Amino acid sequence: MRLANIAAARKASWFFLAFLVMSASALALVIAAAAQRRGGRGVAVGADAVDLLIVGGAVVTMNSDRRVFENGYVAIRGERVFDVGDAADLKSRGYKAGRTMDARGKVVLPGLINAHTHIPMTLFRGVADDLDLQDWLTKYIFPAEAKNVTRDFVVAGARLGLAEMIRGGTTTYADMYYFEDAIAEETRKAGLRGTLGETVIDFPAPDNKTWEAALSYTDGFVKRWKGDALITPAIAPHAPYTVSPEHLKEVKAFAEGRDVPILTHLAEAPTETKAIAEKYNMRPALYLENLGLLSRRLLAAHVVHVNDREIEILKEREVGVAHCPQSNMKLASGAAPIPQMLKLSLRVGLGTDGAASNHDLSMWEEMDTAAKLHKLVAMSPTVVTAQQALEMATIGGARALHMEREIGSIDVGKRADLIVVDLSALHLTPMYNVVSHLVYAAKASDVSDTIVNGRILMRNRRLMTLNEDAVKAAARRYQKQVSASLRAGAQ
Ligand SMILES: [Zn+2]
């Protein structure tokens, strides 16, 4: 080969090498951009590489053994928990972490699951208090909704609720409201996990004026979100007393045809028991059983007025129950028979209900209240223990949503939905028992970090996906509008 040819060949191979390097870096950029779109992070590559390593804190796993690592670690790779264990074993693992979080003096636990909300109702926080459920609904809530609820209202309310939930360590919620498609969009942007049910009801709703329009909207909503990593679309008939039996049957067929959950209110107050008895000569839960609505597909909120036989049917049908103790107390709906349900291992989670009937979305208050309410009702301090209350807020909520294979505990392979709670506050000092403190003493404001699907949504009390000042300013504007609309209605 002549010298010139050798030089040309060398030049060509350099070009080829440069081309390869450039292609590889272009590919890396494309992969990084795709990862960014998925949730703003890369995915660790290599057997010992993890994206996030949380070390130094107590890890309350809520796994099947309810294992607590006093000094533990959690390794996250991509969207899932890669490893969890005792910090003493960490060195032998040799993880190379993209990011490390120091959790000394803190506790790591599965993200909390709020099993019943109406998220945009945060904008009705405190609109009317100290009233009977029917008066509260018909004189305040329904008129306020009719006059104010638009898609923009729902967006502003959802942002407020999402920010509050992230701050309080809620990582998954089950919602029932209108314009649920907008709620899904906001939830996706904020990074939370949600089972979101479009509410259908037998009177004109803010988003759909007829039953047919509501079903068609829900069909589009389900088609858009089915299969999403964070959003599970659902249909949510408001209650047995606001949706006719014919329409409830249509809901059942709709949900079965599209394989989506059904969310509803059930057996909430004595007025409902009376109304269903007068109309159909049945109790509310049996009425739904007769229509074929009780199944694994159903997540029923409240379930206060059910007898032993009905509890057994709910167990047989594997219905999820969202217990809402604070809402039930505030509206004097009654106390759900939770000790009996827990004894029979029903799928019981905890819910705050809408902020209009609770004022806040704090699952910490809900745990505390659940444990205390049932002790008082049973006149026995041994019912609904701190452990059981924490279970309802985590793995119990996951079971109620039929998502226990994916969320509810810190287990290898499950979704990386977890929170870090700072134990340094006065009201948590000193500490003898971590579970007791979490239920009876900790507050939403003690949560320092919130992670959903491997993505950090709050870091050291700083929200990463929502602008808190803008969210509050929008909420205050709506408060003025809602007040004015109710004053106009009263004249
Ligand atoms: Zn509700």
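Predicted model: local features only at pLDDT ≥ 70, side-chain atom pairs only at ≥ 80, totals over all residues.
Confidence first. The chain averages a pLDDT of 92. Of the residues, 90% score at least 70. Where is pLDDT under 50? One stretch is residues 1-22. There the model has one contact beyond four places in sequence. Another stretch is residues 24-41, also under 50 in pLDDT. For residues 24-41 the model has twelve such contacts beyond four places in sequence.

Now helix 6. Helix 6 covers residues 211-225, so to speak 15 residues in a row. From first C-alpha to last, helix 6 reaches 21 Å. That is close to the 21 Å expected at 1.5 Å a residue. Which residues of helix 6 are buried? They are W211, A214, L215, T218, D219, F221, V222 and W225. Look down the axis of helix 6, and these buried residues fall within an arc of 165 degrees, so they line one face of the helix. Turn to the face away from that buried side. Here you find the exposed residues E212 and K223.

What covers the buried residues of helix 6? The cover includes two helices, helix 5 (180-190) and helix 7 (245-258). It also includes strand 10 (193-200) and strand 11 (231-237). After helix 6 comes G227. The phi of G227 is positive, near 95 degrees.

Next, charges. Side chains of opposite charge can pair when their charged atoms come close. A search of the whole structure finds 32 salt bridges.

Pair one is R104 with D102. Their closest N and O atoms are 2.5 Å apart. R104 is exposed, at a relative accessible area of 63%. D102 is partly exposed, at 40%.

Pair two is R159 with E186. Here the closest N and O atoms are 2.8 Å apart. This pair links distant parts of the chain. R159 sits in helix 4 (residues 151-167), and E186 sits in helix 5, 27 residues apart. Buried or exposed, what is E186? At 6% relative accessibility, E186 counts as buried. R159 is partly exposed, with a relative accessible area of 33%. Recall that helix 5 is also part of the cover over helix 6.

R309 counts as partly exposed, at 46% relative accessibility. E312 also counts as partly exposed, at 40%. Then the network: salt bridges that share partners join E79, R80, E406 and R415.

An open sheet of seven strands runs in the order 3-2-7-16-17-18-19. Its pairing is mixed. Which strands stand at the edges? Strand 3 (68-69) and strand 19 (462-463) do, each with a single partner strand, so one side of each is left without a neighbour in the sheet. Further in, strand 17 (residues 447-452) and strand 18 (residues 455-459) run antiparallel. Three bridges join strand 17 to strand 18. One detail to find on screen: I451 has I456, in strand 18, as its bridge partner.

Last, the backbone. Where is P430? P430 lies in the loop between strand 16 (418-422) and helix 16 (434-440). A cis peptide bond joins T429 and P430, with omega about -10 degrees.

Two arginines also deserve a look. R66 has a positive phi of about 55 degrees, although it is not a glycine. R66 lies in the loop between strand 2 (58-60) and strand 3. At 30% relative accessibility, R66 counts as partly exposed. R461 has a positive phi too, of about 70 degrees, and R461 is not a glycine. R461 is found in the loop between strand 18 and strand 19. It is partly exposed, with a relative accessible area of 29%.

Notes: Residues numbered from 1 in each chain as written. Heavy atoms only, no water. pLDDT = per-residue confidence, 0-100. Contact = heavy atoms within 4.5 Å. Helix = DSSP H or I, 4+ residues; strand = E, 2+ residues; numbered from the N terminus. Expected span 1.5 Å × (residues − 1). Buried < 20%, exposed > 50% of the residue type's maximum accessible area, 1.4 Å probe, protein only. Arc of directions from axis to C-beta. Salt bridge = Lys/Arg side-chain N within 4 Å of Asp/Glu carboxyl O. Pairing = 2+ DSSP bridges.
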